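Please look through the sequence and the structure shown here. The text after them walks through a few places in the fold, one at a time.

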Amino acid sequence: MADTYILGIESSCDETAAAVVRSGEELISNVVYSQIATHHPYGGVVPELASREHLRAIVPVVRKALEDASKTYETIDAIAVTQGPGLAGSLLVGLSYAKALAFAVDKPLIAVNHLEGHIHAVLLEERQNGNTELQFPVLALVVSGGHTHLYLAERRNSAWTYRNIGHTRDDAAGEAFDKVAKLLELGYPGGPVIDFLAKHGDPDAVKFPFAQIKHRDRNPENRHSPDELRTDFSYSGIKTAVLRYVEVHVMAESIQRRREAIKSIAKLKPEDCLAHCDRQTLDLVASFQHAVVNDLVSKTVAAAVDHGVATLMVTGGVAANSELRETFENRAAEEALPVFFPSRKLSTDNAAMIAAAAYPRFLAGELAPADVSSDAGLRLG
Ligand code: KG4
Ligand code: ZN
């Protein structure tokens with residue numbers, strides 16, 4: 001079959017991204033414009049600012065992705081764009097732009113679910129590494145700033161289907177990293193800095209218990225079989241527990257001192273935070289990460305065993321976490337389960353995963369209708 005070059009466009013949250021991928025198996029170019037500097041002072045993504053930044057960045061980012069791939073609008077075969085889920089205004093910028101571009105250059109348009117994109121980040125890189133023999137069924141944990149979802153994934157011919165068997169009941173795991181970092185004045189986003197600082201603290205210093213939330217689906221229509229169990233997550237409790245710890249241990253002053261010390265640093269690095277963290281803060285951060293990682297890994301591996309899966313995939317921004325990767329590798333090995341992650345570059349939001357997820361849809365002729373619109377609450381499976 002002839003090579004297919006798909007231009008992917010992603011704008012669901014705070015990254016404006018474009019990429020060119022060949023036939024779902026080779027990353028040709030990958031451009032990500034991160035808005036971290038814009039949102040950093042607010043300790044989280046400000047939706048209005050995100051939309052404005054996407055508007056400014058989208059044209060140069062797409063041009064750069066084409067240029068890096070030595071491609072033009074004429075020599076690509078299709079355009080893929082994130083339809084949802086995500087921030088309504090941010091999604092609208094990418095989708096409207098992709099729609100207009102596809103119309104202007106007369107190329108097919110494929111609408112992609114962002115969560116399916118995260119799963120295809122793993123598949124793209126595995127194919128690129130020559131691993132084409134994936135064992136099914138696959139259990140994929142998509143764990144990011146907006147999601148903590150478990151999907152059973154199957155492939156029939158080249159078409160993929162997904163079934164959700166668990167999700168967070170409140171905050172996503174990445175959201176907990178971001179909120180704890182904000183509370184402790186460690187900057188935004190919280191994941192990378194906590195990942196770095198946790199290596200300098202004692203993970204067993206503070207115990208944060210988690211509940212098991214395994215249950216049968218209350219809605220019989222959602223049940224695949226009468227005995228099927230769902231595995232849910234919950235990360236708002238640990239955020240409150242960290243806040244309580246800070247109050248009980250009177251840490252407000254040390255947090256305030258760090259705030260003052262780092263506020264004038266233009267491009268805050270994890271090393272700068274480390275220089276302004278005492279032992280108590282490092283132990284708290286390490287214990288927080290350890291508890292979240294253990295909860296994510298133990299629930300996911302238990303669900304994999306319950307459902308008799310053959311392969312595990314862990315993807316989304318939090319999949320970049322070093323302790324999470326190591327713990328998954330160890331626990332999955334105990335169950336003789338192969339576990340795959342994207343590279344760190346493709347763990348967080350990017351457009352290569354969108355172009356890769358679009359490829360099977362392109363082959364199946366599943367093109368977006370002319371009146372396609374973005375969907376902030378789009379579900380997968
Ligand atoms: O997938 P992503 O880029 O965007 C969403 O779809 O949400 O994920 C961003 C999330 C943020 O919450 C960020 O703090 C978290 O991923 N993250 C990490 C790490 N790198 C990014 N969390 C833990 N450890 C990391 N190394
Ligand atoms: Zn994402």
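The paragraphs below start at a metal site and then move to helix packing and to some local features of the backbone.

The model is a predicted one. Which residues coordinate the zinc ion (ligand 2)? They are His114 and His118, each through NE2, and Asp349 through OD, at 2.0 to 2.1 Å. Along the sequence, these donor residues follow the spacing H-x3-H-x230-D.

The geometry of the site can be described by angles. As a point of reference, four tetrahedral donors at a metal would ideally make angles of 109.5 degrees. Around the zinc ion (ligand 2), the four donor atoms subtend angles of 94 to 145 degrees. A tetrahedral site needs all angles between 85 and 135 degrees, so the arrangement at the zinc ion (ligand 2) counts as irregular.

His114 lies in helix 4 and counts as buried because its relative accessible area is 5%, where buried means under 20%. Leaving out residues up to four places away in sequence, His114 touches Glu10, Ser12, Thr82, Gly84, Pro85, Asp349, Met353 and Ile354.

Two names in that list, Gly84 and Pro85, are also joined by a cis peptide bond, with omega near -10 degrees. Pro85 is in the loop between strand 4 (78-84) and helix 3 (88-105). Another cis peptide bond runs from Phe136 to Pro137, with omega near -5 degrees. Pro137 is located in the loop between helix 4 and strand 6.

Apart from neighbours within four places in sequence, Ala357 is in contact with Val112, Glu116, Gly117 and His120. By contrast, the C-alpha atoms of Ala357 and Ile265 are separated by 39 Å, and these two residues are 92 residues apart along the chain.

The next stop is helix 5 (residues 173-183). Its buried residues are Ala173, Gly174, Ala176, Phe177, Asp178, Val180 and Ala181.

Two packed helices are described by the angle between their axes and the distance between the axes. For helix 5 and helix 6, the angle is about 75 degrees and the axes are 8 Å apart. This makes helix 5 roughly perpendicular to helix 6. Helix 5 contributes Phe177, Asp178, Val180 and Ala181 to the contact, and helix 6 contributes Gly190, Gly191 and Ile194.

Helix 7 and helix 10 also pack against each other, at an angle of about 160 degrees and with their axes 11 Å apart. Are they roughly parallel or roughly antiparallel? At that angle, helix 7 and helix 10 are roughly antiparallel, and their crossing is right-handed. On the side of helix 7 the contact is made by Ile238, Val242, Tyr245 and Val246. On the side of helix 10 it is made by Gln280, Leu284, Phe288, Ala291 and Val292.

Ser23 is not a glycine, yet its phi is positive, about 45 degrees. Ser23 is in the loop between strand 2 (15-22) and strand 3 (26-34). Ala336 is not a glycine either, and its phi is also positive, about 55 degrees. Ala336 is placed in the loop between helix 11 (322-334) and strand 12 (339-340).

Note on methods:
Residues numbered from 1 in each chain as written. Chains lettered and ligands numbered in written order. Predicted model: local features only at pLDDT ≥ 70, side-chain atom pairs only at ≥ 80, totals over all residues. Heavy atoms only, no water. Donors = N, O, S within 2.8 Å, 3.2 Å for Na, K, Ca; no water. Tetrahedral: all angles 85-135°; square planar, octahedral: opposite > 155°, others 65-115°. Buried < 20%, exposed > 50% of the residue type's maximum accessible area, 1.4 Å probe, protein only. Helix = DSSP H or I, 4+ residues; strand = E, 2+ residues; numbered from the N terminus. Axes fitted to C-alpha atoms, helices over the stretch in contact; angles between N-to-C directions. Parallel < 35°, antiparallel > 145°, perpendicular 65-115°, else oblique. Left-handed = near helix turned anticlockwise from the far one by under 90°. Contact = heavy atoms within 4.5 Å.
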